[in-house]
Amino acid sequence: MKKKTSLILILLMAYLVGYGQIKVLRFHVLVLYENGGHHVAYTKAAKRWLDKLAIDSNFSVDYYQNTEKINDELLKKYQLFIQLDYPPYGWTPAAAKSFNKYIEEGSGGWIGFHHASLLGEFDGFPMWDWFSGFMGGIRWKNYIATFVKAQVNVEDPKHPVMKGVPVSFIVKKEEFYTYDKSPRPEVHVLASVDENTYQPHSDINMGDHPVIWTNEHVKARNVYIFMGHSPILFDDEAYRKIFVNAIFWASGIN
């Protein structure tokens, strides 16, 4: 009787799989996110959008509000680490060490947004030198607190993250950061903002101003996307396309 029951269950499983009722998850994503400060609205919009994409595209997402649980063992579970507006300071020593290893060894991919390049001495924490090197050796310098509208130009349309993205698109509201130098010499720039298109005009600029780039000196597939302050970004088709492309490329699916 037990053998007959087992056979029935196996046949039922095969039937359901055949009709798409049971799906094997394609990959697993860890999202480290901010749940306070100025980025709460963006984070909430991003989580809603990610949750829907995960269901539609058959992958899982686990959310973490701090780094206390991040270690080697935890990171083994994930093919992609998304740093969703979480700064590069205040991490536990164990989490920082494990993340460094994860990136250097290529154990999974990484996507960082906006606040992930807030590099320097903040809130009593020292500069994370390794992370600064990972981001192209930069240090945060200034930002446009009053926000501007601007045109972003794609520099490498052949890169998988830029697939299907217009050669230029408009970001309607952003507080573009400036750094002590351009990361360009140390990273592969995928897109930059044209500071001449700032509306209203701002004197807070860099000249050469990359906003999307990847560091090809580490094994992990990685991409940093500066834009990530306002929830209205998810109303923009180009931004959503970049986000989707980044997920599937950095996770190793594409």
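1. Setting aside neighbours within four places in sequence, asparagine 245 is in contact with Pro160, Val161, Met162, Lys163 and Val165. As for where to look, asparagine 245 sits in helix α6, which covers residues 237-250.

2. Is asparagine 245 buried or exposed? Its relative accessibility is 10%, so asparagine 245 counts as buried, the cut-off for that being under 20%.

3. On to histidine 159, then. You'll find histidine 159 in the loop that runs between β6 (148-154) and β7 (168-174). Histidine 159 has a relative accessibility of 10%, so this residue counts as buried.

4. Which residues does histidine 159 touch, not counting those up to four places away in sequence? They are His188, Leu190, Thr214 and Trp249. For a sense of distance, take isoleucine 55: 104 residues separate it from histidine 159 along the chain, and the two C-alpha atoms are 26 Å apart.

5. A word on confidence before you zoom in. The chain has a mean pLDDT of 92, with 91% of its residues at 70 or more. Residues 1-20 are another story: pLDDT stays under 50 there, and the model has four contacts beyond four places in sequence for that stretch. Where pLDDT is low, predicted coordinates should not be read in detail.

Key. Residues numbered from 1 in each chain as written. Predicted model: local features only at pLDDT ≥ 70, side-chain atom pairs only at ≥ 80, totals over all residues. Heavy atoms only, no water. Helix = DSSP H or I, 4+ residues; strand = E, 2+ residues; numbered from the N terminus. Buried < 20%, exposed > 50% of the residue type's maximum accessible area, 1.4 Å probe, protein only. Contact = heavy atoms within 4.5 Å. pLDDT = per-residue confidence, 0-100.
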